[in-house]
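Okay, thanks for coming, everyone. Let me put the structure up and walk you through a few local details.

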Amino acid sequence: MYAVYSVLIVLFFLVVSPYLLYQAIRYRKYIVSLPQRMGYLPVSFNLDGDESIWIHAVSVGEVLTVRALLPQLRERYPRLRLFVSTTTMAGQQVAKSNLPFVDEVFYFPFDLGFILNRTMRLVRPRLFIMMETEIWPNLLRACRREGVKTALVNGRISNRSFPRYRLARFFFRHVLADVDRFCMQSEESARRIIAMGAARERVIVTGSLKFDSLDVPAASDASSRSSFPPSFVPAPSVHDVHHRGRTRVLRYFRIGPTRPVVIAASTLKGEDEHVLEAFQRIRATLTTALLIIAPRKPERFDDVERLVRRAGWKVARRTELRVDAEPRHDVVILDTIGELAPLFQVATVVFVGGSLVDAGGHNILEPAVFGKPIVFGPHMDNFAEIARTFLDNGAAIQVRSGRELESTLLELLGDPVRRASLGAAARALVEANRGARGKTLAALAELLPRESPGNVRPFRIVH
């Protein structure tokens with residue numbers, strides 16, 4: 001059974017190799033990361049052969065969620081190194097610049113036995129943590145064989161993926177038997193993982209770590225931007241060495257208190273046209289409004305810029321803006337990685353992309369923590385529980401089409417009371433739903449008992 005799975009992986013790579021080659025040539029993808037994906041990590045990686053905790057976070061969202069666990073993992077297991085692997089380039093960039101306490105960041109290896117053996121000899125994990133839905137059969141089997149404890153953390157099984165998993169239940173029940181603990185976001189996801197074959201006694205509901213991973217600002221920082229003078233940016237805390245880096249982007253957006261700002265976050269192909277049509281109507285009545293578009297995929301930066309120019313707008317990329325100045329453009333494209341979350345502070349209203357097209361939606365918690373009114377489309381399958389909670393509590397608005405997006409954004413921009421109500425409800429939900437961190441750490445402690453105090457190995461921050 002595992003042999004068939006491995007053969008299918010090889011066949012899959014053979015089939016998609018022309019596409020991967022195209023991506024490598026055009027976007028420089030995969031070339032730099034290929035050695036690590038083949039199990040060849042840098043010579044300096046774990047030079048002393050220390051044991052470790054290995055956390056896998058596929059992309060940006062999962063990487064940022066990992067932050068909720070890192071301080072406590074470092075405190076509880078001072079003799080173990082902390083390694084984080086990612087699948088995407090964007091995830092790799094964010095992990096290297098946003099994860100304190102981590103010793104090394106590397107690309108996740110292909111799930112083939114001979115490659116995994118090379119990686120595990122260098123990583124030497126005692127505990128392997130998978131974020132959300134990263135289930136890799138050969139790696140889990142290798143961990144079981146080597147006595148490595150395994151945990152699925154912040155687990156979720158979406159509406160769209162559940163039927164596919166159930167079709168392969170005869171295989172997945174063997175795979176899931178190699179997982180020691182399932183820390184699921186919701187009761188529904190817990191029921192689904194059990195239906196896929198997970199042992200009921202290994203499944204617990206911890207809630208979503210995404211709530212705990214957010215840096216909740218002071219009430220003044222989260223309040224309406226209209227209360228700030230044009231040159232004001234909330235001062236970074238001296239207690240957070242990474243805060244200054246995360247808020248640096250605000251220096252490029254010294255926006256006056258009366259200028260409306262619409263942020264279209266994590267947009268995918270097929271959504272930017274609707275956003276620009278909505279912006280056309282907005283500018284008909286609010287002539288100074290600014291639109292910030294943050295494409296989900298870096299390879300779309302050029303395409304989105306061409307689209308904006310064809311629509312007749314004066315556009316600039318974030319990397320072209322002057323520091324400590326207000327953008328004098330109609331549209332700004334956020335062509336950087338890891339700057340979107342703090343930028344929500346300048347928004348008047350936020351549209352969260354990946355939801356007008358059938359892509360499962362994206363995380364709505366980052367604008368919520370700043371008390372911003374949030375709008376998303378009909379396709380939120382990947383965040384169904386969170387989306388439903390926000391809608392039920394009057395903390396977000398769901399639209400069914402691009403046309404409805406236009407009217408909703410226009411109405412919100414003209415109604416400060418409604419914006420304040422939505423934003424306050426969103427922020428309150430974030431604060432009320434924190435607590436998954438403690439439950440998750442308790443579950444991990446059952447697998448890997450906390451180390452006794454002693455000589456603490458110094459850590460270094462990856463840059």
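Before that, some ground rules. This is a predicted model, so to speak of local features we ask for pLDDT of at least 70, and side-chain atom pairs count only at pLDDT 80 or more, while totals for chains, interfaces and linings use all residues. Residues are numbered from 1 along each chain as its sequence is written, and side-chain values use heavy atoms, with hydrogens and water left out.

Have a look at α6, residues 113–123, and α7, residues 137–146. When I say helix, I mean a DSSP run of H or I with at least four residues, and a strand is a run of E with at least two, numbered from the N terminus. The axes of these helices come within 10 Å and cross at roughly 55°. An axis here is a line fitted to C-alpha atoms over the stretch in contact, and angles run from 0 to 180 degrees between N-to-C directions. That makes α6 oblique to α7; oblique is what's left once you take out under 35 degrees (roughly parallel), over 145 (roughly antiparallel) and 65 to 115 (roughly perpendicular).

So who's touching whom? On the α6 side it's G113, L116, N117 and M120, and on the α7 side N138, L139, A142, C143, R145 and E146. Contact means heavy atoms within 4.5 Å.

You'll have spotted C143 in that list. How many disulfides are there in the whole structure? The search finds 0, a disulfide being a pair of cysteine sulfur atoms within 2.5 Å. For C143, the nearest cysteine sulfur belongs to C183, 16 Å away. C143 counts as buried, at 0% relative accessibility, and C183 is buried at 0% too. Buried means under 20% relative accessible area, with exposed over 50% and partly exposed in between, using a 1.4 Å probe and protein chains only.

Last stop, the backbone. E132 isn't a glycine, yet it has a positive phi of about 70°. You'll find E132 in the loop between β4 (125–131) and α7, and it's buried, at 2% relative accessibility.

S266 also has a positive phi without being a glycine, this time about 55°. S266 sits in strand β8, residues 261–267, and with a relative accessible area of 10%, S266 is buried.

That's my tour; over to you.
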